[in-house]
Amino acid sequence: TPWRATVLTLFPEVFPGPLGASLAGRGLREGLWRLDALDMRPFGIGRHRSVDDTPFGGGAGMVLRPDVVDAACEAALAEGPNRPLVALTPRGEPLTQAVVRDLAAGPGAVLLCGRYEGVDQRVVEARGMREISIGDYVLSGGETAAMVLLDACVRLLPGVMGAAESAEEESFAPAADGLLEYPHYTRPAEWNGLRVPEVLLSGHHAGVSRWRRAEAERVTRERRPDLWARRAQPTPTVAGEGT
Ligand code: 6GU
């Protein structure tokens, strides 16, 4: 049974969007994972199928009703039980590669896309939803955030990424020691008068490795002092131990 995502949304027509292309799209077509966009509108209340209402206490915008969201959750979990519920919201826990690895290792996820000013907090808590944000900026809705989260998860699933696109040594993978990636170059060796760094043309593998490590460290120090401070420390070794 493949990794299964159900997206709860008022805009089901935007899915799969970019997830239908490239490696994620091929994986979808090959049945390596599954994506269902579940329209919350049919769970709306009354003749107008209302899904939202004005916030208690006043303020701008509209809030998704807890009864509507709860019914949509119930329908999603009936189709694929034992999946974590995720609410995409700018007030959530930051999305990191550790969160992605955790979700990708499970059976899938049910993703609630907020719209308007947000979702009634009671259903978030009653359903034990994990609130997740994709960064410190404001999106008009959770759909694009759900796509980001799914892209990050799906590329870790067995068979989705080819050997050539190995997820092993890139930024944020454990093997990268929490550093940003070194820069990449391809042919031609000179373009518009700009040379590729000579060490990369040398065929000297140890030299290439040292240069890449130094570049990864430099760019991490310059752009991400937060990551640099928390980077993996070299493991102390004892003389004569190991190989
Ligand atoms: Cl998950 N949703 C919205 N609406 N805005 C965001 C976000 C999510 N993450 C960052 N900004």
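Colleague: What makes β3 and strand β4 (residues 63-64) count as a pair?

Modeller: β3 and β4 run in the antiparallel sense and are joined over 2 bridges; two strands pair if DSSP finds at least two bridges between them, so these two qualify. Within this pair, Asp53 stands opposite Val63 in β4. The names follow DSSP runs numbered from the N terminus (strands: E, at least two residues; helices: H or I, at least four). Please keep in mind that this is a predicted model, in which local features need pLDDT of at least 70 and side-chain atom pairs count only at pLDDT 80 or more, while totals for chains, interfaces and linings use all residues. Residues are numbered from 1 along each chain as its sequence is written.

Colleague: Why are β3 (52-53) and β7 said to stand at the edges?

Modeller: The open sheet has 3 strands in the order β3-β4-β7, with mixed pairing. Because β3 and β7 each have a single partner strand, one side of each is left without a neighbour in the sheet.

Colleague: How do you know whether Gly114 is buried or exposed?

Modeller: Gly114, in the loop between β6 (108-113) and β7 (118-119), has 26 other C-beta atoms within 10 Å. A residue is buried if 20 or more other C-beta atoms lie within 10 Å of its own, exposed if 12 or fewer, and partly exposed in between, with C-beta atoms placed from the backbone, so Gly114 is buried.

Colleague: And what makes Asp136 buried or exposed?

Modeller: Asp136 lies in the loop between β8 (130-133) and α5 (143-154), and it has 7 C-beta neighbours inside 10 Å, so it counts as exposed. Gly114 and Asp136 are both among the residues that the unreviewed UniProt entry annotates as "binding site"; such annotations may be inferred rather than shown by experiment.

Colleague: Why is Leu19 called buried?

Modeller: Leu19, found in the loop between β1 (3-9) and α1 (22-29), is called buried because it has 21 C-beta neighbours inside 10 Å.
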